[in-house]
Amino acid sequence: MTVQKTERPPSGPTEVQTKQDGGPRRDGPHTSAGRLAGLTPYLLLAPAIIVTLLLLGWPLVNNGILSFQNLNMRQFILHLTEWNGFDNYKEILTGEDFWRVTGRSVAFTAVNVVLIMFLGTLVGLLLARLGRKMRTFLMVGLVLAWAMPVVASTTVYQWLFAQRYGVINWVLAKIGFESMADHDWLASQYSTFFVVLLLIVWQSIPFVAINLFAATTTIPKELYEAAALDGAGAWKQFTQVTLPYLRPFLYATTFLEIIWVFKAFVQVFTLNEGGPERLTEILPVYAYIEGMGNQHFGMGAAIAMLTIVILLAITSYYLRIVLKQEEDEL
């Protein structure tokens, strides 16, 4: 009786097995398809990244180079390049004007963002409670206000608050405030900031309200029904159901509004060019006036770079607070 010997199949992962003739195994079509699928997100993002680098990165690099130069009208006409190192930054940081404008810009941004988020949240919650027809009517008005060009809306506010023929002064005089008939709203610092504040808040509320309303549509209705069965009132439902779902949206929207308001150059400059007596200048306006107005182009570039640094510091501090709160909730 003979016993046939059979060979055992090689052990180990199938990926490392080779053919019996010693040749390497060829990758199948599934491997190539998997590699292509892994590269697809990067290929889709590549055009946007390239355009962003060209439109934003390259001007930023040029502005940084310009901030280390002494570039006035003489150097500009004669095409001279005079490097002065950190002299522009030293002059700015050791002066009082820059820090005064910086404090004013931070306070201006804080007041605007608080009002925008508060009023925008109220309007967004109102949209969620209205009927279909009234909601559509209100959303059309919000979209029209949001889509209006910034320069056009600023010009309208100039007409509204004009000293002699402005609608605001006329209405105030008609309702009994005769002393406001010829009031100059742009003659003082605080009244000018009041007009700018109304303009920016009016322009920003639609963005917050429409996005918040969209966020409310993602909240399951069953949660409100369960809260009502537990005896929760309207305020309890808002704090226990609505607010937790809207918190990520509120964080992201606040972040965007900080950036948008901090660089609100067009509204301030178009309305009164940073006046009266440069008392309503914020950092973007200050950089423009020093650079283009006073023809200190290197100085204006340095102020712009410092503005970017300050904005990055503010947003990073805000993001740090947000991330810490989210970790505490987990």
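Predicted model: local features only at pLDDT ≥ 70, side-chain atom pairs only at ≥ 80, totals over all residues.
View 1. In one of them, the side chain of Glu82 meets that of Arg74, with 3.5 Å from N to O. Glu82 has a relative accessible area of 28% and is therefore described as partly exposed, since that term covers values between 20% and 50%.

View 2. Helix 4 spans residues 96-129 and contains both Glu96 and Arg100, which lie four residues apart, or about one turn of the helix. These two residues form a salt bridge in which the closest N and O atoms are 3.5 Å apart. Arg100 also meets the side chain of Asp97 in a salt bridge, here with an N to O distance of 2.9 Å. Asp97 and Arg100 are about one helical turn from each other, because they are three residues apart in helix 4. Through shared partners, the salt bridges join Glu96, Asp97 and Arg100 into one network.

View 3. The whole structure contains 14 aromatic pairs, and one of them, formed by Phe68 and Phe86, is edge-to-face, with 5.2 Å from centre to centre and 90° between the planes. Phe68 belongs to the loop between helix 1 and helix 2 (73-78), whereas Phe86 belongs to the loop between helix 2 and helix 3 (87-93), so the pair ties together parts that are 18 residues apart in sequence. Phe68 is partly exposed, with a relative accessible area of 27%, and Phe86 counts as exposed at 54% relative accessibility.

View 4. Trp185 and Phe194 form a stacked aromatic pair, their centres being 6.1 Å apart and their planes 25° apart. Trp185 is buried, with a relative accessible area of 11%, but Phe194 is partly exposed at 39% relative accessibility. Both residues also belong to one aromatic cluster, which is formed by Tyr157, Phe161, Trp185, Phe194 and Trp202.

**View 5. A nonpolar patch on the surface.** Ile50, Val51, Leu54, Leu55 and Leu56 form this surface patch, and together they have about 530 Å² of accessible area. Leu55, one of the residues of the patch, is found in helix 1, which covers residues 29-66. With a relative accessible area of 60%, Leu55 is exposed.

How values were computed:
Residues numbered from 1 in each chain as written. Heavy atoms only, no water. Patch = residues over 30% accessible without salt bridge, like charges linked within 9 Å, V, L, I, M, F, W, Y side chains within 5 Å. Areas by Shrake-Rupley, 256 points an atom, 1.4 Å probe, with all protein chains shown as cover. Salt bridge = Lys/Arg side-chain N within 4 Å of Asp/Glu carboxyl O. Helix = DSSP H or I, 4+ residues; strand = E, 2+ residues; numbered from the N terminus. Buried < 20%, exposed > 50% of the residue type's maximum accessible area, 1.4 Å probe, protein only. Phe/Tyr/Trp six-rings, centres within 6.5 Å; stacked < 30°, edge-to-face > 60°.
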